[in-house]
Amino acid sequence: MKVLVPIKRVVDYNVKVRVKSDNTDVDLNNLKMSINPFCEIAVEEAIRLKEAGIATEIIAVSIGEKACQEQIRTALALGADRGIHIETDGNSQPLAIAKLLAKIVKEEQPQIVLLGKQSIDGDNNQTGQMLAALTNMPQGTFASMVKVDGDSVQVTREVDGGLVTLQLSLPAVITTDLRLNEPRRASVPNIMKAKRKPIAVKTPEELGVNVSGSLEVLKVDKPATRDAGVMVNSVDELIEKLRTQAKVI
Amino acid sequence: MTILVIAEHNNTSLKSDTHKVVAAAMDIAQYSNANIEVLIAGARCAAAAQQATKLAGISKVLIADHVCYEHQLAENVGLLVADLGKGYSHILTAASTTGKNFLPRVAALLDVAQISDIISVESSDTFQRPFYAGNAIATVKSNDAIKVITVRTSAFDAVDENNDVAMENIDNVQDAGLSSYVSSELTISERPELGSARVIVSGGRGMQNGENFKMLEELADKLGGGVGASRAAVDAGFVPNDMQVGQTGKIVAPELYIAVGISGAIQHLAGMKDSKVIVAINKDPDAPIFQIADFGLEADLFEAIPELISKLS
């Protein structure tokens with residue numbers, strides 16, 4: 001079966017971003033960019049499905065500026081077979097992304113679409129679910145275990161009170177949580193090989209999708225800062241402060 | 001204009017998230033003069049619906065009681081809410097793992113954007129939400145006719161239960177037939193849930209192993225609180241993931257947060273920095289957690305915690 005893995009280019013998770021002084025956005029100039037960590041877990045899971053003889057082809061797709069081909073190359077080096085790049089200005093909102101992906105799903109007919117549960121820049125946690133709704137597929141979000149069984153898949157989900165396991169008919173959308181797997185690193189020979197794997201480039205116009213969004217960002221602020229308090233010298237002093245000053249115990 | 005709130009419940013009672021989402025809806029109603037209606041979708045959920053009729057600020061409770069809604073399957077609840085939601089100005093639910101699961105489907109089916117995780121209401125169409133792990137706050141205006149919103153419940157105070165409104169049965173069965181419930185492993189605990197606990201005691205990598213979390217449980221019990229953990233403690237396998245506080249876990253804002261053996265990675269701070277009072281206990285004087293703590297104690301937690309427990313007795 002074919003597995004489609006949408007991935008996103010985001011600022012590296014180790015980088016602390018700053019808000020621009022004109023409050024229009026965050027400043028991403030010259031920052032290290034990487035594949036979104038949850039997407040990396042999705043790529044890894046797809047590779048494991050291929051290693052287990054379940055997946056036959058892995059297609060990595062990314063939407064954004066030309067530079068996101070770097071992240072597609074990373075996925076190809078890890079084990080994806082080919083890439084699709086949908087070139088946009090990089091500012092699309094989740095609904096537009098989901099509509100573009102729905103077109104790719106229609107063309108490629110994958111049995112499983114594996115995505116990260118959210119990107120660490122927008123923090124929206126929407127794209128997988130929207131794609132599932134637009135293509136009338138079931139969804140297993142925040143997955144910590146995926147087990148393909150014939151024409152269905154069992155997905156164990158991380159939920160607020162613990163874990164819930166669902167059975168989904170295929171084709172299905174699965175979004176990854178942190179504990180699904182530990183992604184591997186690409187080897188140098190595989191990085192070299194990935195350079196020869198094909199990446200098809202498409203545009204939203206070719207796919208017939210209007211990518212203008214309905215949300216406007218009016219401004220971006222720094223979060224309220226919290227000042228350091230006082231250091232106490234003993235457990236007694238701590239209890240005293242909590243009782244008489246903070247009055248919380 | 002009418003606002004639809006989708007309740008979070010377990011078929012027998014409401015979760016406190018619902019009370020907080022209604023508070024966010026009231027903030028919107030103040031700008032738009034809207035009524036607020038609450039939908040309970042579930043199976044044999046009359047008791048939860050009965051409780052919902054008491055929620056302050058609302059005008060009606062809708063109940064969709066059918067076995068296909070029992071486990072809050074996103075495919076079914078998504079179809080129901082998208083169908084009902086056409087007549088509303090706003091659709092709100094909690095940014096819990098349930099709300100985050102089904103609401104984007106609703107937005108896609110209605111062909112509108114979703115605004116995730118709002119922390120404040122600026123007007124009937126403008127909201128604030130954190131992104132980049134809470135390192136930036138965006139003020140976002142929606143130009144859609146229907147605003148579909150998840151609410152970060154730690155940012156709103158729960159409404160009271162002092163109302164008595166009518167309940168209306170919704171005969172609308174939307175069984176997509178795409179998914180089914182198999183099983184669940186839910187953490188059974190006598191302690192309050194992290195989302196509603198007044199006090200939270202959290203442990204990090206400094207706890208060294210899962211066994212040592214018993215100390216924190218004992219301390220939490222003294223204070224009537226819940227127990228959380230940092231991602232480092234979860235990744236190290238000390239405790240299960242549903243205890244995780246942080247950007248990739250739960251976002252909490254209790255009255256008292258006690259961070260024990262937690263260094264204070266940005267990831268963790270994003271999940272607890274809105275707590276009213278923060279206490280940090282760590283033996284490393286340079287731990288970043290001390291920079292945001294109201295009260296810091298530089299000490300070996302294996303001495304300080306037992307002392308704290310005995311002196312609170």
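How many bridges join strand S1 (residues 2-7) of chain A to S8(A)? The answer opens point 2, after a word on conventions.

1. **Conventions.** This is a predicted model, in which local features need pLDDT of at least 70, side-chain atom pairs count only at pLDDT 80 or more, and totals for chains, interfaces and linings use all residues. Residues are numbered from 1 along each chain as its sequence is written, chains are lettered from A and ligands numbered from 1 in the order in which they are written, and side-chain values use heavy atoms, with hydrogens and water left out.

2. **Strand S8 of chain A.** S1(A) and S8(A) run parallel and are joined by 2 bridges; helices (H or I, at least four residues) and strands (E, at least two) are DSSP runs, numbered from the N terminus, and two strands pair if DSSP finds at least two bridges between them. A:Val3 has A:Ile112 as its bridge partner in S8(A). Strand S12 (residues 172-176) of chain A also runs parallel to S8(A), with 5 bridges, and there A:Thr175 stands opposite A:Leu115.

3. S8(A), residues 112-116, is mostly covered, with 5 of its 5 residues buried (buried means under 20% relative accessible area, exposed over 50%, partly exposed in between, with a 1.4 Å probe and protein chains only). In a regular strand, side chains alternate between the two faces of the sheet. Here A:Ile112, A:Leu114 and A:Gly116 point one way, while A:Val113 and A:Leu115 point the other way.

4. **A helix with one buried face.** In helix H7 (residues 235-245) of chain A, the residues A:Val235, A:Leu238, A:Ile239 and A:Leu242 are buried. The buried residues of H7(A) line one face of the helix, because they fall within an arc of 95° seen down its axis (the arc is that of the directions from the helix axis to the C-beta atoms). Their cover includes strand S15 (230-232) of chain A, and from chain B S14, strand S15 (277-282), strand S16 (295-298) and helix H8 (301-312). Contact here means heavy atoms within 4.5 Å. Just after H7(A), A:Lys247 takes a positive phi of about 55°.

5. **The chain B sheet.** An open sheet of 7 strands has the order S5-S9-S4-S1-S2-S3-S10 in chain B, with parallel pairing. Strand S5 (114-118) and strand S10 (166-169) stand at the edges with a single partner strand each, so one side of each is left without a neighbour in the sheet. For S10(B), strand S3 (residues 60-65) of chain B pairs with it in the parallel sense over 4 bridges, and B:Leu62 stands opposite B:Glu168. Helix H1 (residues 16-32) of chain B packs on the sheet, and its direction makes about 150° with that of S4(B) (axes are lines fitted to C-alpha atoms, for helices over the stretch in contact, and angles run from 0 to 180 degrees between N-to-C directions).

6. **A buried loop residue.** Is B:Met243 buried or exposed? B:Met243 counts as buried because its relative accessibility is 15%. B:Met243 sits in the loop between helix H6 (231-235) and strand S14 (256-260) of chain B. Leaving aside neighbours within four places in sequence, B:Met243 is in contact with B:Leu194, B:Phe213, B:Val227, B:Gly228 and B:Ala229.
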